[in-house]
Every structure is written in C-alpha cells, then in structure tokens.
Amino acid sequence: MPDRGRGCDAEPLFVFPVARGPSAAAPGTDVVAPTSLGDAGTVSTETRGQAELRALLRGLPGVDRVGAEARAARLAARSVKAAAKARAVDLAISMVDLTTLEGADTPGRVRALCAKALRPDPGQPDVPSVAAVCVYPDLVGAAADALAGGGVGVASVATAFPAGRAPLAAKLADVGAALAAGATEIDMVIDRGAFLAGDYLKVHEEIRAVRAACGAAHLKVILETGELGTYDDVRRAAWLAMDAGADFVKTSTGKVAPAATPPVVLVLLEAVRDYRAATGRAVGVKAAGGIRTTKDALRYLVLAAETAGRDWLTPDRFRFGASALLNDLLMQRRTLATGVYSGPDRVAQD
Amino acid sequence: MADEMTERIPVRKTYKLFIGGAFPRSESGRSYPVADADGAFLANAARASRKDVRDAVVAARKAFPGWSGRTAYNRGQILYRIAEMLEGRREQFAAELRATGLDGAAARAEVDAAVDRWVWYAGWADKLAAVFGDPAPVAGPFHTVSVPEPTGVVGIVAPDGPLLGLVSMLAPVVVSGNTAVVVASEPAPLPAAAFAEVLATSDLPGGVVNLLTGYRAELAPRLASHEDVNALDLTGVPDADAKPLAEAAAGNLKRLFSRPADDWSREPGTARIRAFLEIKTVWHTVGA
C-alpha cells in the first residue's frame, strides 16, 4: 500500500540554504566569549545571523498536527511478527543507549550497567551489545574503564543537563570534562528558554561551540520536545540543531513529561529526511524517555523505516534512550526463542 | 399491535473477560457459544487468547505488591465484602446455575454454600500468621521467627463445577496476599464471568483476580509455561491432561497443587491456603 510522502526519495518540502563554509568552528576553541553571543555583527561571515536564522526557521512549513498524529497512529497499528519481529528485536537491542541518570548513581551501579550493555543476556551469547551507555559526566571514567575495547560507546549528558541553564563557559567545561574522561558521544541540551524567546542565534551558537569542542565525538542535541509545546517548534528546533552541526537530534531528557511520543518522533524523522534531501548530510534521531516496551520500540522502528527510510534502521542513525526497555526486549527475545512467556526474574534488574 | 409496540426489548449481557479490574473483550475479538444443560444456545462468552493470558499475568504481577502489602485485617475485610456482594446477588447466581442444569433447590444450595465458603476463608486472613508462623525453639544464642508470605502470582484452572469449586479454589489463594489468573470452566463459564462482577464491586484492587473464559486446551498450557507465574493449581484439570501442564510448570519451578476433583461440599481445611504460602524464617541474636 503506497504511503504519501514515504521514503527518503520523496521531494523535499522546500529548499533550505546550506550554511556557507565549514559547518563547525575550528576545533580547540576552549571557550567562546559569551559577550559575542546574540550580536550578529561580531559573528563571522561563515555563520548565520539572527535575522537569517529567524527567516529560515519561521519559513519552515507548519506541521499538520492532526495529520501527523493520525499518520503516527496508523503506522503504530502495523503488525511485526515472527522472523521479522526477531530481527527487529535484535536491531532494537543494538540501538539502545542504556541510560542511568539518577542522583543516586554510583560507580558500582554504572559498572553493573556496563556489564549488561556488553552482554545483555549472558545466557544467550548471540544477543547483540547495546549501542552505548549514557551517564552523567562524573561517571564517564567508570563507564569507559568498564567498556574498554567492547565496542560499546560511552555517551555522557553534558551542558548543564537537564535544564541547560548555565553560562556557556560552564557548559563547555562540562563537555570538556566528559571528553577528557573518555566519552565518545555527547548528549547536549539546548537552552529552551532562549529558543522559546526567539533567540535562535544563541541556541545556534551554543550548539556550534559544543560541536567544535566535541571534535571527533558524536554530538546528540536534546530538544526536550515536551517543553517546546508545538510540533512547529519541534521542527524548527530540529532544523536549528542540524544546521548547527548536530549528528543526532534527540527528543527528551527523560526528566520532563511528555517525553518521546510517536508524532514528535515522526516530525523529527521528517526533518532529518528533508535535511538530507536539502544538504546531503544524514542526521540520526534518538527517541528517549518513556519507551518501556518492545511494542513501543517496534512502532518507532516502523516510523523510522516509513518516514526517513530503511537506511535509518541502524544504530548509527536511530537510537533509543532507555533503561527499562532493554529488559522487555530481552524478555520478548526469550519468548520468541522458546515459545514460553518470560518473566522479569530472568533478566537483571537495574 | 399496540401491545407489540410497548413490549420491552430485554437488554442482554455481553459476557467478557476480567483483567486488571476492567472487563475487556478478548484481544483476539473471538467468542464461543455456551449452551445450557439441554444443549440450547445460552450466550456467547469471550474466547481468550494467549495474549490475554499474558496481559492477565502482567496485571496480576502489577497488583501483587499492593495486595500482599495490605494488612491481613484489610484483606479480610475486602473478602468479607465480596461475600456480602455475593449474598446480595443470590437470585442472579441461582438463575445462572439453573441454566447450567441444576434444579432450583440445588442452585440455591450451591450459591449459599459458595457464600459460606468464601466467608470461611475470609476469616483466615488475620489468623494465618499465627497458625503457620511461629517463634521456633532453637538451642543457640539466637532465636528464630517464621512468618508465612504469599507465593506470588498463582494460576488457577477452575473445575467444571461452576461456582462452589471456583470459590473454593480462588479464596484460599487470594486470602494470603497472592494474586490470581483464573481459567474458568470451559462448558459453563457464565457463573464465573458473573462472579467477576462481584469482585469488581468489592474494593478488591484491580488485577488481584483476573478471570479468563475460553478453551482450556488453549489457555492452560500458556499459563503453565509462563515464567512470571509462581504457582499453579490444576485441580480443575482431568488427570490425563495434567501431566503435560505439570511438566511445563517445571520450567521455572512453579509450586504445583493438584488434588483429584474434590467433593467441594466437604469442610475444606487449610491445605489449599498452605499450598500457596512461603515460610520465611529470620533469626536474631539474643543479647548476653
């Protein structure tokens, strides 16, 4: 059954001017002087000015709210069974960013989580490892030691997670500390206050500064869609982040409800599809927060395949930020393998 | 003609499942016809699927901490309340039982016996700990105390005797704090489905009792092999069918209770209560 607007080969909605010059500022920049922010006159010609950004983002077509919700609901009804389900469960496991972001986290707890990340189900050696372990910056060292050589990434939230309300210098120091301790992926939060106030340039500059500080590390930009309010703003924030150099756009911190919802992820997937059509660069999507069941995860995979395209079905382009989800995936995997409904006694509780 | 116009059309009941305190249809949308004792069509009952079993177990597991964490007194009060609701619906249940083939007097007697049985078990709620637990006299510089605790989620395959058997199996399971998933009698599921309405109006937290109607051969193996079920009562299963279920139940070392079909009218004793209890013993040093 053909779907309108399906796949990555669809015509882009509009033409988005690509940023001129290199997309990232020179690496090695420790601190960008905060005084230069918000002043279009002092920004180099390779960057965008406030007025230009506003024109671009507000020129984006609006999201059809009813249509987006209906399409997400329709795709959620798709049935994934048997062999396809077994493959999808393994794919979803390999896309999990196993996350612990609690005030009560300890190095021991992080080590236990890392052991689980490397071998999610020790009784079943063919279970793939997860994509990454996501922790606070001060625990990156413990995670990096525990994961060394295992092929699992070390992701760290940084930039004054979860509110993002700190001076840029503090945010960059946060990022620097995480990288120095061995983080390979940085999950930064945007300044929602500035974004909602219309100060797109501040958000853009912050992402660019963090992008520059990240060097080779992967940058995921958390939009915290639950605080943005409208799908239009979600689309604008996604384009803003991608234009500033994000490798991934991520829905939520997990600290705000609502977190990831299918329509929001649909909007993000449309944004990365259109961005690639406009610029040729592929950006990943990370759905985080509130995803607890295999059924939810499979629905997001269907959304990704049908919206952005099948080449988004890889851990390099789609991730789940979750903690409880992995256990449900493992239980489903056992159920598929044995025909017997599994129980939580069979998986490590963390 | 005028008489026909004013004749009232009776509102017929759709018999459904009882899962997590709600009355859903089967996830599969299926139903099966139930006949009365003469073979005439009585009603359609929901025909639960394996996914309904799964959902029921999830609901029972979710309800377990809350129900087992209540005080024994409070559990007893809720069970008494169920007996009160059942008492108030004696006529309805007598009618349900007459449809399964009992004559009027026998149906009434069965309902009365079921109410009395439920009250009998309800009385045990706050006496269990004293009867099954004890401070043990040990020779050592410490003393030990044993306390009974509920086993967890208990699967019940109900017998074909439509009400007294069901009540006699269910009450001893929930009285100690277990939660239950019940597969009702296949040929006569309607009294069980009506019993769920009693449970739903008695302050019993949703999910403590979950009741499925459908084909036993389809549901019982799923319940027996489910690894999040801690115990299984196979009393309602004929001996010939019980062996494969018992083998499936061994997968996660379920407690198994299977007694040949009892004469339910006998004084039950405490064996069924004890079968779904774990005994936890703690020790404590004695000061010098």
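# Briefing: two-chain predicted model

Leaving out neighbours within four places in sequence, Leu211(B) is in contact with Leu17(B), Phe18(B), Val182(B), Ala184(B), Ala192(B), Ala193(B) and Ala196(B), contact meaning that C-beta atoms, placed from the backbone, lie within 7 Å. This is a predicted model, in which local features need pLDDT of at least 70 and side-chain atom pairs count only at pLDDT 80 or more, while totals for chains, interfaces and linings use all residues. Residues are numbered from 1 along each chain as its sequence is written, and chains are lettered from A and ligands numbered from 1 in the order in which they are written.

**Leu211 of chain B**

- Leu211(B) lies in strand β7 of chain B; helices (H or I, at least four residues) and strands (E, at least two) are DSSP runs, numbered from the N terminus.
- Leu211(B) counts as buried because it has 26 C-beta neighbours inside 10 Å. The classes are buried at 20 or more other C-beta atoms within 10 Å of the residue's own, exposed at 12 or fewer, and partly exposed in between, with C-beta atoms placed from the backbone.
- Between Leu211(B) and Phe18(B) there are 4.9 Å in space, C-alpha to C-alpha, and the two are 193 residues apart in sequence.

**The sheet of chain B**

- An open sheet of five strands runs in the order β7-β6-β5-β8-β9 in chain B, with parallel pairing; strands pair if DSSP finds at least two bridges between them.
- The edges are β7 (209–212) and β9 (255–257) of chain B, each with a single partner strand, so one side of each has no neighbour in the sheet.
- On average, neighbouring strands of this sheet are turned by 15° against each other, direction ignored.
- Strand β5 (residues 153–157) and strand β6 (residues 179–183) of chain B are joined in the parallel sense by five bridges. Val154(B) is opposite Ala180(B) in β6(B).
- Helix α9(B) packs on the sheet and touches β5, β6, β7 and β8 (231–233) of chain B; the direction of α9(B) makes about 155° with that of β6(B). Angles run from 0 to 180 degrees between N-to-C directions, and axes are lines fitted to C-alpha atoms, for helices over the stretch in contact.

**Helix packing in chain B**

- Helix α9 (residues 216–225) and helix α10 (residues 239–249) of chain B pack at about 30°, with their axes 7 Å apart. That angle makes α9(B) roughly parallel to α10(B); the classes are roughly parallel under 35 degrees, roughly antiparallel over 145, roughly perpendicular from 65 to 115, and oblique for the rest.
- Ala220(B), Pro221(B), Ala224(B) and Ser225(B) of α9(B) make the contact with Leu245(B), Ala248(B) and Ala249(B) of α10(B).
- The residues of this contact are six nonpolar, one polar and no charged. Ala, Val, Leu, Ile, Met, Phe, Trp, Tyr, Cys and Pro count as nonpolar, Asp, Glu, Lys and Arg as charged, and the others, Gly among them, as polar.

**Chain A and the interface**

- Chain A has 13 helices and eight strands, and 49% of its 350 residues are buried.
- Helix α1 (residues 50–58) and helix α8 (residues 200–214) of chain A pack at about 100°, with axes 8 Å apart; α1(A) and α8(A) are therefore roughly perpendicular.
- Gln50(A), Leu53(A), Arg54(A) and Leu57(A) of α1(A) meet Tyr200(A), Leu201(A) and His204(A) of α8(A).
- Seven residues of chain A are in contact with seven residues of chain B. The chain A side divides into three nonpolar, two polar and two charged residues.

Terms used: Contact = placed C-beta atoms within 7 Å.
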